Amino acid sequence: MIKESIKMSWQNIIHNRMRSFLTALGIVIGVMAIISLITIVQAATSSVTSQFSELGAGKLVVSALGTPLKKGLTDNDVKGLLEIDGIRGVSPTLNFSTDVVRNLMVEENVTVEGRNEMYFTENPKLIGRGRPLSLIDMESKNRVCVINPDLQEIIFPGEDPLGKTLKLKGITFTVVGVIDDEVTTDIVSAIQKSQGRDVSEGKAIIPYQTAMSMTGANSITSLEIFVVDTTRNAEVKADTERVLNQAFNYKEDSFSILDMDSLLDSMNTMLGMMTAMLVGIASIALLVGGIGIMNMMLVSVTERTTEIGLRKALGAEPKQIQMQFLAESIFLSVLGGLIGMLLGLLLSAVVINALDVDFAISMTAIGLGFGFSAAVGIIFGWAPARKASLLNPIDALRSV
Amino acid sequence: MAKEAEILTMRGIVKSYQMGDELQVILKGINLSVQRGEFISILGPSGSGKSTMMNIIGCLDSPSDGEYWLSGKRIADMNDKELAKIRGREIGFVFQQFQLLPRLTAVQNVELPLIYAGVSQAERNKKALEMLDRVGLTNKIRNYPNQLSGGQQQRVAIARALVNNPTILLADEPTGALDQNTGEQVMGLFRELHAEGRTIVMITHDHNIAKNASRIVQILDGNLTEG
């Protein structure tokens, strides 16, 4: 009987081709919206979080705001931090921007980062060509630098920059390394890159002691702490707080610690909530589609009153009539769901391709799309099917 | 209660409707017995209650009062599902307007009652083809209703009514939508079926049509009279 119900409902759908198509269109659009939203957001999320964690996993970022008496951290304070159990290394950071000069070429406002050798040890993939800055560079305050590909293109167009020199604030530096094209070193550019935006900004990295003497700074205001075991992040964070409190004499608001792992966690939660919200909005389209199906089924029941009466006279049980109409609405919405799923995957493949992110078919999305459309068919088909099954055969036959 | 040869028994059947304040009595205590193999006409003008009569015989409607046995079963005791089974197996309906489903071919239309009786596809097809052969439409089995003449459509409907081998063939004005000639042919088919031993109950307002039956009862103003 189920086979017969499916056959009968299929015949009716085919017979009312245009109407069936328009009715299913609501479901197609709803499912398409859900599938493409989930797939796109998931792809973007996974790419952003993977880049994010590449940058931030196992890392505490300390910003020292200082006190009126002590502007930042001294080398001694850094030594104190290094003694904490579970810390692998510390990398102070000093940023300033200046003009880069080479021969007659000038690039204005280039970001210059002062870093130590630890930074390069912790980011082994950073250097594409040449060598990283070493401990010797730090200790002997060598005037060497590492530049990024953007700066290379501007200052050394079509040339090999290794071993060549450039001037920062009038001081000559030798280029010893070039940052790998694929690597992003900070969150902002990571996000921009994941959105497919090309950021062309020159950057140079020099030994941080050199940077300190160039800027006249005598204390460190920003540093990264590398944690050995990320599961012990909280412990290390507490110890760091203790050491820093001592360093700043327990003055309030003298420093802040950013825990990258917990930041990543909260970002994931936020993206998850956003996905849920988007799917919620797309579900409204599905709801409207479901009402469309219900409407068409009610029209269909009214139109086919005679047929229902006849089928009852020929021995159809109420349950069998209900099954036939229910099968029709499920058929319609699942058909719409399948088309919507295909279109949704197609759409997200196009969008994801444009975003330059890896495309992955989300099983959640497919499950949701199929489940939702079948549920819509059952829920919104139920009432019309029930109405049909309860029709009085005499009234039904009399309406000829 | 019912005798062996008596397949339809009505005792004191009353059917009334509440129309506003007024209680309208359509059938006023009908007694009727139909023997196996009988061809009986229920003759009456419009408004006499003959349609209500047909609905009650066909188990499409239930009486307000009185007893109705069909094949020894008391219809009042049955629920919707059982009534559906009775309609499918005991009664073969033939309607004035044929009532064929326009999207199904002749053979598919004839198969319909068998679907609800739970007969397999192969068996359905075989039986439907036999019945269409019996009513002389062997060469029209793949035609859709709109490709058939009125007389041919009614013969498809008769084949559909007979395919489940029902106890009673119940016909409501079977020639009402046909011209006289075609109507006469359909009546010829009814007489043949009667000769083969079928029990036929035919409802009509036309005395000439009613004459085809072996027995005529008249219904007038809700009362049934023999002859």
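# Reading pairs, cores and patches

Author: Let's begin with a pair of side chains: Asp61(B) and Lys15(B) form a salt bridge, their closest N and O atoms being 3.3 Å apart. Asp61(B) sits in the loop between helix H1 (50–57) and strand S4 (65–70) of chain B, while Lys15(B) belongs to strand S1 (residues 6–19) of chain B, so the pair ties together parts that are 46 residues apart in sequence. Please keep in mind that this is a predicted model.

Reader: Are Asp61(B) and Lys15(B) buried or exposed?

Author: Both are buried. Salt bridges can also share partners, and in this way Lys59(A), Glu113(A), Arg115(A), Lys203(A) and Glu224(A) are joined into one network.

Reader: How should I read a salt bridge, and how many salt bridges are there over all chains?

Author: The general idea is that side chains of opposite charge can pair when their charged atoms come close. Here the count over all chains comes to 29 salt bridges. One of the bridges in chain A is between the side chains of Lys203(A) and Glu113(A), at 3.3 Å from N to O.

Reader: Which parts of chain A hold Lys203(A) and Glu113(A)?

Author: Lys203(A) is in strand S8 (residues 203–207) and Glu113(A) in strand S3 (residues 105–115) of chain A, so this pair ties together parts that are 90 residues apart in sequence. To judge cover, use the cut-off for buried, which is under 20% relative accessible area. Lys203(A) counts as buried because its relative accessibility is 9%. Glu113(A) is buried too, with a relative accessible area of 7%.

Reader: Which residue forms a salt bridge with Lys85(B)?

Author: That is Glu317(A), and the closest N and O atoms are 3.3 Å apart. Glu317(A) lies in the loop between H11 and H12 of chain A, and Lys85(B) in helix H2 (residues 80–90) of chain B, so the pair joins two chains. Glu317(A) is buried at 10% relative accessible area, whereas Lys85(B) is partly exposed at 35%.

Reader: Now for the nonpolar residues. Which residues of the largest nonpolar core touch the most other members?

Author: As background, in soluble globular proteins, nonpolar side chains tend to be buried together. In this model, the largest nonpolar core has 69 residues, and Met10(B), Leu32(B), Ile42(B) and Tyr68(B) touch the most other members. Helix H10 (residues 260–303) of chain A gives the most to this core, with 7 residues. Another core lies apart from it and has 53 residues, among them Val100(A), Leu133(A), Phe156(A) and Met214(A).

Reader: What is Leu32(B) in contact with, leaving aside its neighbours within four places in sequence?

Author: Its contacts include Leu8(B), Met10(B), Ile40(B), Ile42(B), Met53(B), Val217(B) and Leu224(B). Thr9(B), Arg11(B) and Arg215(B) are also in contact with Leu32(B).

Reader: Which residues form a nonpolar patch on the surface?

Author: The patch is made of Trp10(A), Ile14(A), Leu335(A), Ile339(A), Leu343(A) and Leu346(A), with about 500 Å² of accessible area together. Helix H1 (2–15) and helix H12 (318–355) of chain A each supply at least two of its residues, and the largest share, 4 residues, comes from H12(A). Take Leu346(A), which lies in H12 of chain A: this residue is exposed, with a relative accessible area of 57%.

Reader: Last one: how far apart are the C-alpha centres of domain 1 and domain 2 of chain A?

Author: They lie 55 Å apart. The domain assignment gives domain 1 as 2–52 + 267–398 and domain 2 as 66–253.

Note on methods:
Residues numbered from 1 in each chain as written. Chains lettered and ligands numbered in written order. Predicted model: local features only at pLDDT ≥ 70, side-chain atom pairs only at ≥ 80, totals over all residues. Heavy atoms only, no water. Patch = residues over 30% accessible without salt bridge, like charges linked within 9 Å, V, L, I, M, F, W, Y side chains within 5 Å. Areas by Shrake-Rupley, 256 points an atom, 1.4 Å probe, with all protein chains shown as cover. Salt bridge = Lys/Arg side-chain N within 4 Å of Asp/Glu carboxyl O. Buried < 20%, exposed > 50% of the residue type's maximum accessible area, 1.4 Å probe, protein only. Domains from an automatic or database assignment. Core = buried A, V, L, I, M, F, W, Y, C linked by side-chain atoms within 4.5 Å. Contact = heavy atoms within 4.5 Å.
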